[in-house]
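Please read these notes with the sequence and the model side by side. They are arranged as numbered points for a colleague who is meeting this structure for the first time.

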Amino acid sequence: MRRYRIQNKIVLPFILLFTVVVLVVPLITIMLFDRKYDEQFSLETQEWLKVIVSTTYIHDPQKVKEAYGAEVMIVGVDNTINSSTLEGDWSTFSAEMKFPEARERIEASNGEFVLQNVKVGGRLYKVIYYPQKARRLYCLMRPMAKIADAKRQATLWMLGIAPVVILLVALISHLIGKNLADPIKELVQFTRRVAEGNLKGQCKVKTHDEIGDLTIAFNQMTRDLRNSRNELIQAERLATAGKMAASFAHEIRNPLSSMRMLAQMLMRKKELPESRRAQSMRYILEEIERIDVMVKGWMDFARPAALDLAPNNLNQALQEVLDLMEANLSHHQILLLKKFDANLPPVPFDRDKLKQAFMNIVLNATDAMPEGGTLELSTMQDSDWVRIDLLDTGVGIPPENLNRLFEPFFTTKPQGTGLGLANAKRVLEQHGGDIQMESVVGKGTTVSLWLPLTTANTILT
Ligand SMILES: Nc1ncnc2c1ncn2[C@@H]1O[C@H](COP(=O)(O)OP(=O)(O)OP(=O)(O)O)[C@@H](O)[C@H]1O
Ligand SMILES: [Mg+2]
């Protein structure tokens with residue numbers, strides 16, 4: 001079924017209504033006026049005829065012409081014009097004067113005079129056919145050119161004014177429609193964002209009417225939804241912490257047991273050559289180092305430090321990360337494409353933490369493109385948000401892994417901790433932002449980050 005926009009629903013009836021008002025109504029008025037005037041004109045012409053008949057004027061057509069400005073025609077029984085005040089070729093007039101038709105009507109009305117509108121020599125006349133002795137006809141003709149002119153002019157004026165009025169109405173109704181539809185459109189866009197799961201921000205209340213009330217109610221609903229989602233996230237985090245503790249214990253068991261074996265061997269074999277002893281000590285230190293890295297990552301994730309927020313230039317922070325990575329990227333034959341929005345406003349964020357998150361995402365992209373490829377970075381403003389997109393042309397992520405990416409310790413890499421993305425998500429959520437990933441195996445991955453332009457949603461602890 002075809003959908004009509006609210007704006008059209010307002011504009012079209014207005015235009016239709018005004019078309020009727022400015023076109024149809026005046027046309028009917030002109031028609032009615034014309035009919036009334038014609039009746040009046042006929043009555044007046046009859047009065048004239050009465051006067052002419054009752055005076056000697058009936059015998060002097062020329063005087064009638066001078067006195068009334070009307071023409072006179074005398075017609076014989078054979079419908080030939082005997083005399084006329086009209087100038088020109090009478091023979092052509094007799095056909096135009098419709099005498100036979102007039103005679104028929106006179107007979108039908110018992111020999112009374114009849115009236116007819118007739119065009120003679122290109123001009124319109126109101127003609128009274130008055131029967132006389134020997135079946136002659138006395139025709140009194142009043143020119144109607146002025147009335148016809150007035151009618152034509154009125155119609156032309158109306159037709160000229162009508163489009164202007166309709167255009168004006170279209171413009172005004174368009175503005176009214178826009179005024180009504182714009183806040184609705186904005187609310188619809190906002191609801192779509194909410195429906196997609198983006199609960200950040202509020203829809204601006206621009207009108208103080210029912211739509212404004214609806215926007216306020218919707219904002220309240222979104223806030224409530226966000227709060228309950230945060231509570232849910234909190235509960236989920238607690239559950240994750242439990243899982244993390246278990247997986248952390250599992251992760252450190254391996255280095256711990258190899259350290260124990262090495263230490264036991266060192267204690268047992270006192271006669272071991274110095275070089276072997278030193279090597280075993282090095283292995284133990286390496287394992288300690290591994291545990292240290294894991295503990296640090298775990299601590300970062302489990303007990304994040306408060307944000308050190310300051311308005312920062314996001315493009316610059318990204319560039320600093322890229323500068324650090326430059327050698328790494330060119331070593332892996334990765335082509336870097338930057339599409340930074342130069343007009344990006346300053347955004348409040350914790351420089352070190354966000355750089356760390358960027359760094360991990362860029363590192364992930366590098367890992368995903370061992371044979372080289374393209375890494376595209378773009379920044380843009382998206383209403384109350386700043387959005388950063390990182391596209392790589394790497395190996396991609398199988399669908400079954402897509403919803404595990406942000407799980408702590410989820411990794412597909414032998415040396416990975418699986419804390420990179422989990423930490424990045426944590427940092428962005430602390431900022432009141434979000435991170436999303438899309439990927440197609442064999443084609444590449446897109447990581448999208450959103451940061452709010454204001455600190456309204458920031459979690460400071
Ligand atoms: N751009 C990417 N392309 C393909 N896979 C990716 C990409 N980014 C992340 N992944 C997948 O997500 C997993 C988790 O990433 P995450 O950064 O959390 O941990 P990691 O990279 O494995 O470990 P670490 O960050 O500690 O080196 C990765 O192991 C990888 O399988
Ligand atoms: Mg990583």
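How many nonpolar, polar and charged residues does the shell around ligand 1 have?

1. The shell around ligand 1 has nine nonpolar, eleven polar and two charged residues, where Ala, Val, Leu, Ile, Met, Phe, Trp, Tyr, Cys and Pro count as nonpolar, Asp, Glu, Lys and Arg as charged, and the others, Gly among them, as polar. This is a predicted model, in which local features need pLDDT of at least 70 and side-chain atom pairs count only at pLDDT 80 or more, while totals for chains, interfaces and linings use all residues. Residues are numbered from 1 along each chain as its sequence is written, and chains are lettered from A and ligands numbered from 1 in the order in which they are written.

2. Of the 22 residues around ligand 1, those that come nearest are Asn364, Ala368, Thr411, Gly416 and Gly420, a residue being near if its C-beta atom, placed from the backbone, lies within 6 Å of the molecule. Two or more residues of this shell come from each of α9 (351-368) and α11 (420-430), and α9 gives the most, with four residues. Helices (H or I, at least four residues) and strands (E, at least two) are DSSP runs, numbered from the N terminus.

3. One open sheet has five strands in the order β7-β9-β10-β12-β11, with mixed pairing; strands pair if DSSP finds at least two bridges between them. β7 (334-339) and β11 (434-440) stand at the edges with a single partner strand each, so one side of each is left without a neighbour in the sheet. β7 and β9 (373-382) run parallel and are joined by six bridges, with Leu336 opposite Leu375 in β9.

4. Two helices lie across this sheet. Helix α8 (314-331) lies across β7, β9 and β10 (385-392), at about 175 degrees to β9, whereas α9 lies across β7, β9, β10 and β12 (444-452), at about 20 degrees to β10. The axes are lines fitted to C-alpha atoms, for helices over the stretch in contact, and angles run from 0 to 180 degrees between N-to-C directions; contact requires C-beta atoms, placed from the backbone, within 7 Å.

5. The largest nonpolar core has 37 residues, of which Ala357, Phe358, Ile361, Ala424, Leu449 and Leu451 touch the most other members. Such a core is a set of buried Ala, Val, Leu, Ile, Met, Phe, Trp, Tyr and Cys residues joined through C-beta atoms within 7 Å, and buried means that 20 or more other C-beta atoms lie within 10 Å of a residue's own. The largest share of this core, six residues, comes from α9. Leaving aside neighbours within four places in sequence, Ile361 is in contact with Leu390, Ala424 and Val447. A second, separate core of 22 residues includes Leu86, Phe113, Met141 and Met144.

6. Another open sheet of five strands has antiparallel pairing and the order β2-β1-β5-β4-β3. Its edges are β2 (81-84) and β3 (114-120), each with a single partner strand, so one side of each is left without a neighbour in the sheet. Helix α1 (6-54) lies across β3, β4 (123-131) and β5 (137-143), at about 45 degrees to β4.

7. Strand β1 (71-75) is mostly covered, four of its five residues being buried. Three bridges pair β1 with β2, and five join β1 to β5. Met73 stands opposite Cys139 in β5 and also opposite Ser84 in β2. In the hairpin of β1 and β2, which has five residues between the strands, Asn79 takes a positive phi near 65 degrees.

How values were computed. A residue is buried if 20 or more other C-beta atoms lie within 10 Å of its own, exposed if 12 or fewer, and partly exposed in between; C-beta atoms are placed from the backbone.
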